[in-house]
Amino acid sequence: MGRPLFLYVFLFYWHFLNALFTVEAPQSLCIVERGNNVTMECTFPVNGKLEFRDLSVSWDKKDELKQVYVLRKGEEDLKNQHNDFKGRIKLLKENLNLGQSVLQITDVKLRDAGIYRCVVAYGGADYKTIHLKVKAPYRIINQGVESTGHNEWKLTCQSEGYPAAEVIWQNRNYEDLTYKANTKFETANDQLYRVTSTLTIKSGIDDIFYCIFWNKELQENTTAILHLADSTEGILQTKSRRFVGATLIATAFVGSVLLFLLCIRKARANKGNRTPVASPSIAKLAKDKDTHNCRDAFFEDRELKYMQIEKT
Ligand SMILES: *[C@@H]1O[C@H](CO)[C@@H](O)[C@H](O)[C@H]1NC(C)=O
Ligand SMILES: *[C@@H]1O[C@H](CO)[C@@H](O)[C@H](O)[C@H]1NC(C)=O
């Protein structure tokens, strides 16, 4: 008779105690650009001063069963840390006192993408998961314009990024020419896609075309403008470039003189009437951009969009 009752009481309290100890993940989705640093955060309850010796914290990559970081009874234990993470992981110790298990990954790779699990044991134990997505924007588009004679042109756009992008072609009037293009995908290093798209088209000289790399998943577009005139004879081109260069230098010179005069006039007018410049806040902004904290409002905005996309 006494035993089941004891068990019942024990289970009741055990459940009760465990219910009190909950780990939360303020941001369960993080999107970071390859090469940047990212911090992921879980919170846990700390009443009063943290007893370091009673605290165990671990982070692992759940989808691949890779150990990322372990703190056992207040002692760091990196013996079984997976090679993928060697030298790139830091747990921000000072945050533990605030009940925050903050993991920093530096120089994020595409292969870091996945589901991370943070476990905290401090009296009770609990865990949460965080989804990390890594992107590589199609920032630089290499372009080629080649005349194949008879008013026919071969236009090429090439770029590298992740995830795979669609390439859309348009003419001067933004009419879609994608159906005439040929796009191929190759894998470059570090899982990047090298996307090359070629459009062969009849057109007169002096026309322009657009190639747009559309990263559907991240809702990002990068556009290049191709000028057909650019590929006329080399000599003619350098000549006109030199002329343009000289004009630019002359304009810049006249411009600086004018600006200088304007500044002097303004400085006189503004004497004793200065407004302080908000440089500290700018410096702070720049600093904050170094590490992508997944609590960033900027990211929250994106993540919302992201989740909506994923749902549909
Ligand atoms: C990117 O370009 C495509 C094609 O022009 C367009 O349908 C899409 O809405 C654009 N997306 C963004 C985010 O600008
Ligand atoms: C990432 O963090 C490391 C070490 O804290 C720092 O040296 C590096 O400049 C950071 N990288 C970026 C892109 O902010």
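Two residues are in contact if their C-beta atoms, placed from the backbone, lie within 7 Å. By that criterion, in this predicted model, 61% of the contacts between residues at least 6 apart in sequence join residues at least 24 apart. The chain has 312 residues, of which 20% count as buried, and its secondary structure comprises five helices and 17 strands.

One part of the chain that can be described in detail is an open sheet of three strands, which follow the order S12-S15-S16 and pair in antiparallel fashion. Because S12 and S16 stand at the edges and each has a single partner strand, one side of each is left without a neighbour in the sheet. Neighbouring strands of this sheet are turned against each other by 20 degrees on average, with direction ignored. The residue ranges of the strands are as follows.

| Strand | Residues |
|---|---|
| S12 | residues 166-171 |
| S15 | residues 208-215 |
| S16 | residues 220-227 |

Between S12 and S15, which run antiparallel, there are six bridges. In this pairing, Glu166 stands opposite Trp214, a residue of S15.

Trp214 also belongs to the surroundings of ligand 1, together with Ile168, Ile212, Gln219 and Asn221. What is the make-up of the shell around ligand 1 in nonpolar, polar and charged residues? Three residues of this shell are nonpolar and two are polar, while no charged residue is present among them.

How values were computed. Residues are numbered from 1 along each chain as its sequence is written. Chains are lettered from A and ligands numbered from 1 in the order in which they are written. This is a predicted model: local features need pLDDT of at least 70, side-chain atom pairs count only at pLDDT 80 or more; totals for chains, interfaces and linings use all residues. A residue is near a molecule or strand if its C-beta atom, placed from the backbone, lies within 6 Å of it. Ala, Val, Leu, Ile, Met, Phe, Trp, Tyr, Cys and Pro count as nonpolar, Asp, Glu, Lys and Arg as charged, and the others, Gly among them, as polar. Helices (H or I, at least four residues) and strands (E, at least two) are DSSP runs, numbered from the N terminus. A residue is buried if 20 or more other C-beta atoms lie within 10 Å of its own, exposed if 12 or fewer, and partly exposed in between; C-beta atoms are placed from the backbone. Two strands pair if DSSP finds at least two bridges between them. Axes are lines fitted to C-alpha atoms, for helices over the stretch in contact, and angles run from 0 to 180 degrees between N-to-C directions.
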